[in-house]
Structure formats: C-alpha cells, structure tokens
Amino acid sequence: MVFKYDVEKIKNLIWHFHNVTGISISIRDSEFNHIATCPENLIEFCRIIQASDEGHRRCQTSDSTLFASCLECRQSLTHTCHAGLADTVVPIYNNGVLLGFIIFGQVGSKSKKKPSFASIYKKVSDLGIDKEKLRIAYDEVGFFKEDKILSAAEIVAMLTKYIMIDQIIQPYYDSGIETIIKYIDNHLTDDLSVPVICNTFNISKNSLYKMFATHLGCGVNEYISLRRISRAEQLLKTTNIPIYQICERCGIDNYQYFCRLFKKEKGITPLHYRKRWESGKETKKPQEGENENV
C-alpha cells in the first residue's frame, strides 16, 4: 500500500516525546522501513552491542519478532530484547488499515530494582564486547518501572490518533479504489459480497482483489469486516443501543458471529468494550455465559 508521510511533522512530534521522556522513539512504515528517529544515534549501550555483526543480527531479529507479534495481535506490545532492554511497538491503524508503527525503547525495565550488570553481560558475553565499556554504557541506560512504560505506550497510542487527525500519514489511493471504499463505508448495512461489488462497479473479481491487495494490503472481505467493527466501536462508545441491534446496524445479521469477530479484532467482547469506555478504565471481563444483550 502507498502512503504519503509528512516527515517534518513526524520529526517534530517524536522530538517532543523524546524531549519530555528521554526515551528513544522511531516511526516505521507498514513494511517496517525507517521513516524518522529521535535521537538519530543509538544509545551507547546499543551501539556497543551492534558493533559486532552477530550483535547487529540479534537486534534485527529481536525487532522483527516484536513487529511480527504486533501484527498478529494488532495492538501495542512490549518485550525484552536479547540484550535485556525493553522495546515497545504501537501500530498505527486508520479504519482498519495499517499505516505504520511507532517503536520506542532502548530503556531498562524494572519491577523493584535495576537488574545487575552481571545478569545483562551474561546475555551478550559471547559477542566479544569490552566488558568495562559495556558496564559504563549500562550505567547510563535509563530505567523505568513497568507502569511508566505502560503509560508511555498509552501516550504513544494517543499520538497515533493525532497522526491520523492531522493527516501526518495518509493512504494514497487512485480514484477507482477510493470510489469503492466510499461506497463500502456508505453501505455497511447492505449486501457487500464480492459479486455485488463487482456488479456495481463493473469490474472483475481478480481486478477487485488486486486493487485491495495493492492499495489496502488486505482482502475485500477483511476490509469490510474491519470497517463494520469500526462502526460498532463508534456505536458502543456514543450510544446506548443494545448490542444485538448494533451488530444489525453494522451489517452483520448473526449476533454470535459479530461477538466473535469483535473479540478477535479488539481482544475483548463488545460488552466489556462498552463498560471499559464508560468507566474510562479496565473493568473485569464478563464471565462466560454473561448476557451481552445490553
């Protein structure tokens, strides 16, 4: 999929985040390619690790694993890299379309106290690194409690909303796919099967599939499902309509299927989503068998 990036606005945005938190932050495109980073240079600890070919390879593998896991669950993730530091990745979605990622980290994570240098050095001792130089660099690494890292992830998630509102990253569509997208958005309660769409726009199935794969990076039915779930989110947040009616207003006539689809995409049931939104914080997930027709 093709995107337009306002690189100057991106650099300004991440500079402010780094200036306040002191945490390194980077924005990648949907293919994980680098867009902008602040600060531009690695912290000394990571620079020493990546000075060796094997250390550099392990860092790349660690990042790739984190991105792959983020793609699979479609939500923010934090992990500990091979050298013992914490990295967090936050996906940027707009109407179910992946625009890119924000990754921040190169920091230490601690629950009570900072991990000993001996435990860290043990992870990388086979790289042939100067132990004393690494120890000095480790002393300079910023350490944050886990709740602080979670808070930073929440702030970054808010930044992704701002990126979309201010159109800092924009999908680039040709006129053909843009017309179809608008049609789908305006007819979510209608029959949006592939044959219907093809007949409406007088195009072949193969052409339709190719357009969505090229411009949206997903299948036709996947995009429609994501748009319907997005519509459901808005209704859950802004109305008191019973959930079984919301699924109908989103064009899904099977209530159980709607609940399964919503939970697959959002990780929680529609009822729990509404309760969390109303309370402004996490609530206990509904027990199995709890009535969701609320």
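This is a predicted model: local features need pLDDT of at least 70, side-chain atom pairs count only at pLDDT 80 or more; totals for chains, interfaces and linings use all residues.
**Exercise 1.** Find which residues of helix 9 are buried, and where they lie around the helix axis.

Solution. 
- Step 1: Helix 9 covers residues 205-215, and its buried residues are L208, M211, F212 and H215. Buried here means under 20% relative accessible area.
- Step 2: Viewed down the helix axis, these buried residues fall within an arc of 90°, so they line one face of helix 9.
- Step 3: On the face turned away from this buried side, helix 9 carries N206 and K210, which are exposed.
- Step 4: Just after helix 9 comes G217, with a positive phi of about 70°.

**Exercise 2.** Compare the reach of helix 10 with its expected span, then list its buried residues.

Solution. 
- Step 1: Helix 10 runs over residues 220-238 and has 19 residues.
- Step 2: From first C-alpha to last, helix 10 reaches 27 Å, close to the 27 Å expected at 1.5 Å a residue.
- Step 3: The buried residues of helix 10 are V220, Y223, I224, L226, R227, R228, I229, S230, A232, E233, L235 and L236.

**Exercise 3.** Describe the second largest pocket: how much space lies in it, and what lines it?

Solution. 
- Step 1: The second largest pocket holds about 670 Å³ of space.
- Step 2: Its lining has 33 residues, of which R28, L42, Q50, D63 and Q106 are the closest to the pocket centre.
- Step 3: Elements giving two or more residues to this lining include strand 2 (24-29), strand 3 (34-38) and strand 6 (97-110), as well as helix 2 (44-50) and helix 3 (53-73).
- Step 4: Helix 3 gives the most, with seven residues.
- Step 5: Sorted by class, the lining has 15 nonpolar, 13 polar and five charged residues.

Notes: Residues are numbered from 1 along each chain as its sequence is written. Side-chain values use heavy atoms; hydrogens and water are left out. Helices (H or I, at least four residues) and strands (E, at least two) are DSSP runs, numbered from the N terminus. The expected span of a helix is 1.5 Å times one less than its number of residues. Buried means under 20% relative accessible area, exposed over 50%, partly exposed in between (1.4 Å probe, protein chains only). On a 1 Å grid over the protein atoms alone, a cavity is a set of points where a 1.4 Å probe fits but cannot get out, and a pocket is an open set with protein on both sides within 12 Å along at least five of seven lines; lining residues have an atom within 4 Å of a point. Grid points are joined across faces, edges and corners, and a volume is the space filled by probe spheres set on the points. Ala, Val, Leu, Ile, Met, Phe, Trp, Tyr, Cys and Pro count as nonpolar, Asp, Glu, Lys and Arg as charged, and the others, Gly among them, as polar. The arc is that of the directions from the helix axis to the C-beta atoms.
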